[in-house]
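Please read them with the coordinates open.

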Amino acid sequence: MTQEFLYSELSDKSPVSTLREEAIARIRNSLRPGQQQMADWYSGPLAVSAVPGAGKSTGMAAAAAIAIARQYERVAQSRLASRRQLVVVTFTRSAAANIKLKIREYLKQLSLPQIGFAVYTLHGLALNIASRHPDLSGLQLENVTLITPTQSHRFIRTAVEQWIANNQSSYLRLLEGSQFDGEETERLRRQSVLRTEVLPDLATTVIHEAKSSGLSPEDLRQWSKQTTDPYGILNVAAGLYEQYQKLMRSRDFIDYDDMILAALRVLDNDSARRIEQNQVFAVFEDEAQDSSPLQTRLLEILASDLGEDKGDKGDNLSLLTPNSALLTQDSGLNLVRVGDPNQAINSTFTPADPIYFRQFCAECDRLRRLATMDQAGRSTRIIIEAANFALEWINSFYGVKMQQSSHDSIASLPFRPQRIRPVDTGDPQQDANPAPVGRGLELYTPRDIHHTVELLSQRVIELFAQDPTKISAAVLVRENRQGRWLAEALEPICKEHKITLYDVGERDRRSHIPQEILALLQFCDRPHSPDYLKAALEVLVERQLVPTQDLNALASLPEEFLYPGPLAAPQSETVQKASHLCRSLLRARLELPIYQLISFLALALNYDQAELATADKLAERVNQQIAGNSSMGAMLSALSEIVSSERFEAVETEDLEARYTRNGQLTIITMHKAKGLDWDYVFLPFLHENLIPGRFWVPPQSQFLGDFTLSEVARAQVRAALHNESRIPEVSQAWEVAKHLKTAEEYRLLYVAMTRAKRLLWMSAAQKAPFTWSKPENLQEQAPCPVFPALKRQFPESVVSLMTVVQ
């Protein structure tokens with residue numbers, strides 16, 4: 001039965017009857033005040049600012065079902081068949097599946113068919129539009145390959161090499177840096193740093209930032225003319241971007257930004273835009289704080305009322321920024337955007353920029369179309385109080401300093417002022433604002449990281465001694481390296497007490513297997529290539545098989561590193577270990593048949609059981625592809641294609657989010673991955689100032705360029721231009737802006753981590769901790785995260801005396 005026929009049938013039967021109005025009222029009355037504001041939406045723009053745990057997905061699903069019911073009513077009253085539907089956009093596939101299920105449940109309550117809506121991720125929506133109009137989008141899906149360009153991706157590396165070949169004078173200026181005496185060894189080292197680190201990092205950052213904002217290389221060149229930095233950073237970035245685009249086009253490759261751009265090319269056509277808009281009566285967007293400028297633009301065009309011509313023709317996308325024109329009551333924009341600017345934790349490493357959602361909220365507030373979902377039932381009251389205090393303390397402490405470095409003081413504050421409130425009595429959420437376990441908030445200051453493990457494991461054992469099948473717990477870490485160290489320390493303790501320990505980072509490491517194997521095979525094939533040697537050494541360091549050291553110095557002279565002659569300077573013990581391991585890989589290349597190499601390398605990298613299973617799957621796949629042409633060249637080509645096109649998945653067995661939050665286990669997970677999840681008990685160890693808020697650290701090997709990184713300066717300059725600031729900041733000012741953005745985002749990340757806890761939030765900052773977690777054995781005095789002592793002063797009853805713990 002077609003959707004058009006169903007609408008027609010429902011029109012004849014006047015589907016929104018009195019009974020249905022009563023059902024709508026029942027759904028509405030089951031919602032909290034903030035959720036009810038969403039459910040009351042009829043048309044026009046609406047911004048919904050929601051605190052953590054406020055029930056965004058539930059409120060959005062209920063509002064979506066009610067909006068669909070009202071659309072049926074409008075169709076019935078007009079007596080016209082309509083195929084318009086509600087488009088719901090979410091950030092991840094799992095969130096899309098979750099909200100789709102909830103919308104269907106509400107439609108059942110309204111006795112309506114489970115149609116009239118579509119749920120997409122942003123890129124899924126863009127691909128859907130682009131694939132329906134291939135002539136306009138320029139995407140022939142059967143001929144293109146999707147990639148995610150990373151710093152190590154061969155397209156990025158090739159773009160760097162081509163830029164160097166075509167821009168020798170600019171390259172030599174970078175090579176000279178702030179000072180250079182011409183010494184040959186130093187020149188080789190700098191070449192390695194520029195070619196394998198600095199320029200790939202600049203290319204990756206700016207390409208993603210520029211493409212997601214509709215900018216061309218020429219836009220960057222024009223902006224570069226407004227700056228006076230000696231390197232011409234934006235001009236260099238423009239050249240890298242241009243080379244990358246040429247490579248992509250020549251190979252029929254696309255990235256995720258190309259999907260959005262392709263959809264916008266479709267909507268640039270009057271006829272196609274009307275066709276697409278005629279299928280949509282409204283757009284609901286979740287996690288709006290994480291949208292990039294062009295993603296926002298795509299939704300605004302799609303949500304524009306057909307009867308209004310607002311100039312959304314996108315004929316000059318490079319000049320457009322979201323919300324550049326003021327919203328009006330009759331703007332014809334049927335767009336509901338739901339998000340939390342205080343949970344924007346991706347803006348310093350992706351093009352997501354919370355300023356646009358903040359602007360949308362401000363414009364809607366001016367029109368009295370801002371809904372606030374500030375009641376949350378997830379956490380016990382003292383956890384809510386701690387999160388609110390942290391937000392307000394950070395804003396007051398850092399606000400003045402940040403206001404001085406930006407034209408927009410509100411945008412400079414880490415947080416949008418918004419308190420979380422407990423829910424009202426009689427709230428429909430089961431066990432809303434649950435009773436605390438223990439003190440609800442527990443603050444510890446261990447002697448060092450080993451003492452931290454003792455205290456944390458002791459508390460875990462106490463909590464799991466009851467009925468572990470009814471509780472969930474997680475340790476949230478800032479870095480994967482912390483998680484790996486912690487998992488190794490906790491494993492014997494958990495095994496002894498029969499507590500299931502699940503390290504999420506272990507699964508992530510499995511997803512890197514094809515890239516790691518490729519790096520080692522490329523080295524085995526061409527051991528005298530500085531690039532391939534360095535890439536192999538990076539894998540060995542990451543897998544903790546050789547100590548951390550200056551890899552550029554080793555890779556700049558491969559022969560001397562691998563086979564030092566009698567006149568060469570003596571190698572240190574760490575260099576000898578790395579050299580010996582590399583030579584053993586080369587011997588295996590000579591002694592083993594091709595089809596056994598991947599399995600051997602997996603064993604050499606000390607892969608665990610799950611990683612070995614993934615490596616075996618990879619070996620089987622590659623060996624099938626090169627059957628009949630069993631050569632190293634064929635194997636490298638097959639493996640490169642797998643890595644480039646992302647057509648290989650690690651061995652997985654179940655839904656990941658359910659796996660992360662399963663009852664009866666202790667999960668170790670990064671703060672970033674924990675967003676959107678919650679547990680009964682959350683542990684936040686290692687809260688030190690050098691990580692939260694941390695600071696931009698300029699690696700010693702690239703300090704010859706100056707006390708800044710090219711990529712972060714370029715990002716700050718691009719965003720200043722996009723924000724229509726009066727001028728593009730020079731290098732020193734751009735670097736200061738980048739540092740402030742980093743500080744703000746790290747504090748938002750801590751806020752996200754704190755609000756994952758339901759019954760107990762356990763926080764600690766050891767007196768001694770590593771300066772870098774690549775060397776956890778090197779302990780030194782470390783200052784706590786600045787908000788941690790403030791929490792201890794504000795909540796003295798939550799400070800746990802270590803004497804009490806010992807007893």
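Is N433 buried or exposed?

1. The model is predicted. N433 is buried in it, at a relative accessible area of 13%. The cut-off for buried is under 20%, so the value of 13% qualifies. N433 sits in the loop between α18 and β9. Its backbone deserves a look: phi of N433 is near 45°, a positive value in a residue other than glycine.

2. D431 belongs to the loop between α18 (409–412) and β9 (441–444). D431 is not a glycine, yet its phi is positive, at about 55°. D431 is partly exposed, with a relative accessible area of 45%. That figure lies between the 20% and 50% limits, so D431 is neither buried nor exposed. For context, most residues other than glycine have a negative phi.

3. Check the peptide bond between I692 and P693. It is cis, with omega about 5°. P693 is placed in the loop between β13 (679–684) and α32. As background, most peptide bonds are trans.

4. Next comes helix α32, which spans residues 710–722. What does S711 touch beyond its sequence neighbours? Leaving out residues up to four places away, the partners of S711 are D201, L202 and T205. With D201 there is also a polar contact, side chain to side chain, of 2.8 Å. S711 lies in α32. Its relative accessibility is 3%, so S711 counts as buried.

5. Which side chain makes a polar contact with that of E712? The partner is R715, at 3.2 Å.

6. Helix α6 covers residues 122–132. Buried residues in α6 are L122, L125, A126, I129 and A130. Why do they line one face of the helix? Viewed down the axis of α6, the buried residues fall within an arc of 130°, so they share one face. An α-helix has 3.6 residues a turn, so residues three or four places apart point the same way.

7. The largest cavity holds about 50 Å³ of space. Its lining consists of P52, G53, A376, R378, S379, I384, A387, I420 and T755. By class, that lining has 5 nonpolar, 3 polar and 1 charged residues. R378 is the charged one, since Arg is in the charged class.

8. Last, the overall picture. The protein has 35 helices and 16 strands. There are 807 residues, and buried residues make up 57% of them. What share of the contacts with a separation of 6 or more comes from residues 24 or more positions apart? That share is 79%.

9. For a second pass, I would list these places. The positive phi values are at D431 and N433. The cis bond joins I692 and P693. The side-chain polar contacts in question are S711 with D201 and E712 with R715.

Definitions and conventions
Residues numbered from 1 in each chain as written. Predicted model: local features only at pLDDT ≥ 70, side-chain atom pairs only at ≥ 80, totals over all residues. Heavy atoms only, no water. Helix = DSSP H or I, 4+ residues; strand = E, 2+ residues; numbered from the N terminus. Polar contact = N/O pair within 3.5 Å; in protein donor to acceptor, adjacent residues only side chain to side chain. 1 Å grid on protein atoms, 1.4 Å probe; cavity = no way out; pocket = protein on both sides within 12 Å on 5 of 7 lines; lining within 4 Å. Points joined across faces, edges and corners; volume = space filled by probe spheres on them. Buried < 20%, exposed > 50% of the residue type's maximum accessible area, 1.4 Å probe, protein only. Arc of directions from axis to C-beta. Contact = heavy atoms within 4.5 Å.
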